[in-house]
Amino acid sequence: MKVRMQGAIQKWVDHSISVTVNLPNNVDEALVNKLYVEAWRSGCKGCTIYRDGSRSGVMISVSKKDKKKEEHHETPEPITVPALNHPLVQEIRPKVLDCDVVRFQNNKDKWVAFVGLLDGYPYEIFTGLQDDDEGIVLPKTVVKGKIIKQTNEDGSHRYDFQFENKRGYKTTVEGLSEKFNPEYWNYAKLISGVLRYRMPIDHVIKLVGSLQLKDESINTWKIGVERALKKYIIDGTRANGQKCPVCGQETLVYQEGCLICTNCGASRCG
């Protein structure tokens with residue numbers, strides 16, 4: 001019934017709906033298959049199914065022994081996440097960085113973010129409208145490339161984006177900073193600065209979310225930056241200070257860019 005409800009709502013929603021179906025450990029493959037087929041028949045654009053124990057840290061059930069401990073007011077063992085080795089700070093930017101291209105849409109506006117990566121970790125970000133007169137237009141198939149720092153004749157610097165097509169031919173988009181609204185560029189420099197000094201990604205997202213911006217288009221930009229960076233949060237990172245909207249507990253962790261409650265299994269993406 002939950003899947004059918006999602007399908008009924010999906011009919012009136014442009015994008016996919018994030019709904020997670022949590023199942024006990026003893027269900028068989030036939031039921032999982034039935035749910036996916038039912039989601040397809042109901043018109044769902046996406047369906048996420050977790051079986052208890054299938055993903056570490058996503059669903060945590062409380063055993064009868066644990067319940068007895070709680071009744072006797074014994075302190076339960078804390079859930080721990082392995083220590084994460086954050087990359088070292090590299091102040092001097094390499095001339096060439098790998099780049100992920102992240103697209104998103106808000107209302108009718110199409111946006112694009114270029115995330116420069118150093119050792120797979122976000123080092124800088126450029127964002128702006130994708131389809132305005134002075135913006136950037138890229139083939140939809142372009143999801144990766146390189147950001148190249150160039151020095152102009154007057155000593156100033158610019159950043160170019162370069163990608164390869166399916167035939168291996170390279171195309172270069174010159175001057176990313178000149179393609180976007182100057183205000184977006186200034187905010188991007190601020191965020192790139194904290195990324196360069198390796199502030200944890202979840203803290204960067206909090207910083208971006210705390211910016212007090214009055215202009216609607218800038219707020220759209222801010223939401224896009226948060227969305228672009230969430231995919232780089234290491235799975236299992238706790239969302240400290242945030243409570244689950246379903247059970248009210250501070251038991252949220254990041255999993256594939258989404259917030260998952262380890263207490264009740266509720267999920268929230270976007």
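These legends accompany close-up views of aromatic rings and cysteines in a predicted model. Local features need pLDDT of at least 70 and side-chain atom pairs count only at pLDDT 80 or more, while totals for chains, interfaces and linings use all residues. Residues are numbered from 1 along each chain as its sequence is written, and side-chain values use heavy atoms, leaving out hydrogens and water.

**View 1. Phenylalanine 126 and tyrosine 159 form a tilted aromatic pair.** Their ring centres are 5.3 Å apart, with 50 degrees between the planes. Rings of Phe, Tyr and Trp (its six-membered ring) pair if their centres lie within 6.5 Å; planes under 30 degrees apart count as stacked, over 60 as edge-to-face and the rest as tilted. Phenylalanine 126 sits in strand β5 (residues 121-129) and tyrosine 159 in strand β7 (residues 157-164), so the pair ties together parts 33 residues apart in sequence. Strands here are DSSP runs (E, at least two residues), numbered from the N terminus. Phenylalanine 126 is buried at 3% relative accessible area, and tyrosine 159 is buried at 14%. Buried means under 20% relative accessible area (1.4 Å probe, protein chains only).

**View 2. Phe114, Phe161 and Phe163 make up a cluster.** Ring pairs are what link these phenylalanines.

**View 3. Cysteine 244 is in no disulfide.** Its nearest cysteine sulfur belongs to cysteine 264, 3.7 Å away, whereas a disulfide requires a pair of cysteine sulfur atoms within 2.5 Å. Cysteine 244 is buried, with 4% relative accessible area. A search of the whole structure finds zero disulfides.

**View 4. Cysteine 99 is a buried residue.** Its relative accessibility is 2%.

Technical notes:
Helices (H or I, at least four residues) and strands (E, at least two) are DSSP runs, numbered from the N terminus. Buried means under 20% relative accessible area, exposed over 50%, partly exposed in between (1.4 Å probe, protein chains only).
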